[in-house]
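Student: I would like to go through the salt bridges here and check each label against its definition.
Tutor: Then look at the model, and we will take the pairs in turn.

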Amino acid sequence: MAASEPSRYLARSLPRAIVPPARSQGLCWRRNASDQASAKPSSALSQLESDGMLKGDITPEEAVKSFDPVARAKSRRTQLPRSRYQFRSPKYDRGPLHPHRPPPPSDPSSRLYIPGPFSLPRVEQTHESTIASDIMTLCYVHNPPGFKPPPKAPRLREWDDSSPYHKNRSLRGPRGGDVLRLLRKPISFNNIPKLERITIHSYVKNAAKENSGWLHVAGMALQAISNVKVTTYKSKTGLAKWYISPGRDTVAAKAELYGENMEHFFGKLVDIVMPRLKDWQGVKGTSGDSSGNITFGLDPEQVALFPEIEINYDMYPANMIPGCHITFHTTATTDKDARLLLSALGVPFYGKMVD
C-alpha cells in the first residue's frame, strides 16, 4: 500500500503537474440508469428496483459483534468533561452566596424530586372543587366602582404649641383589653382559608410513674394513625403527684402532619371516627386561639376507633392506648373563618361561637 500510494509529504514537495490525479487511478464503478434504458427498458427498471436505496447492504455478523461504542469512546485521547453531558446537583445547600446551589425539589434534576401527585386525596379535591368557591362567595365584600374608604383619624398628636411633649404622642390608649384582635383581611382568590397542618399530641403521665412501656405504646399508636414519625418530649415542669421531674422524664409524644398524610388523616377522622363517637356533640365553639387554629381532644376509647388500631387491636394493650389532642392549623386569621372551613369539610361544632 505504501508503494502504490505516494506519500502526502512527497506530494506536497512535487509540482502539481507531476503528481498524478487521484481519481484517474481507480476505475469508475458508477452506472447510470440511461446506459441500458434504450436496449432493455424492463431489465433496467428491475435493476433499479434491486439496487434501490431502501434495500441496503447486509452488515456482516463479525462487524456487528465487534462494534463497541464504549470501548471506542474510551480509546479517544481526549475525553469530554463530565459537566457537559451529565449534571449532578450538590447534596447540600451551602448558602445563598455559594456558586453551586441545589435546584428546588420541584425540578426533575433535583435529588429530592418526587414525581406526582397523580391523584388528589378526597379532602383536597373537595376543597378545590367546591369549598373554596363557596367560602369566597360567602365572605365576598362588594365595593362599587368609585368607592373610597373613609379617611382614618390621626393616630398621633400634632404640634399644638402647648407642650413639646405632645408631639407624636398617642391620642389614646388601645381599646378592647390587653390583647388586640388580629385584623381580618378581605378574603379573595389568593387567601382562601385552607388546612395547613395537623398536630397530634399525647401526654402520657404514667410513662414516668410506672415504666416507659406506656410511652412506647403511645408512640406506636400515634405513628399508626398518622403515618409519620413521632417525636418525644421531656417535661418542662415537675409534678410530685405523678412522679415527674422537670427536664428528666420523657412523658409526651407528638406527630406533625403535612400534605397528603394530613389529608388522609383528616378524611379518616371525619368519615370513620367522628360518626362512630357516641354521645359526642362535636367540637366546642369556644375552642381556638383567635388566630385560626382549632383544638379538641379524643379519649383512649375514641382513639381505638381508628382503622389502623381497630384491625390490630390485640397488638396494643387496652389500658395503654393513649388519648390525644388534635389541633387543626389553618391559614385563616380568625376562628370564625377556621370554623367555616372545618364545618364545610365535615367537622361539627356546638355551643356558643366565640370569635
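Tutor: The side chains of lysine 268 and glutamate 308 meet in a salt bridge, at 2.6 Å from N to O. This is a predicted model, in which local features need pLDDT of at least 70, side-chain atom pairs count only at pLDDT 80 or more, and totals for chains, interfaces and linings use all residues. Residues are numbered from 1 along each chain as its sequence is written, and side-chain values use heavy atoms, with hydrogens and water left out.

Student: Why is the contact between lysine 268 and glutamate 308 called a salt bridge?
Tutor: The term requires a side-chain nitrogen of Lys or Arg within 4 Å of a carboxyl oxygen of Asp or Glu. The N to O value for lysine 268 and glutamate 308 is 2.6 Å, so the pair qualifies.

Student: What does the pair of lysine 268 and glutamate 308 tie together?
Tutor: Lysine 268 lies in helix H9 and glutamate 308 in helix H11 (residues 307–310), so the pair ties together parts 40 residues apart in sequence. Helices (H or I, at least four residues) are DSSP runs, numbered from the N terminus.

Student: Is lysine 268 buried or exposed?
Tutor: Buried means under 20% relative accessible area, exposed over 50%, and partly exposed in between (1.4 Å probe, protein chains only). Lysine 268 has 16%, so it counts as buried.

Student: What makes glutamate 308 partly exposed?
Tutor: Its relative accessible area is 25%, so the label is partly exposed.

Terms used: Helices (H or I, at least four residues) and strands (E, at least two) are DSSP runs, numbered from the N terminus.
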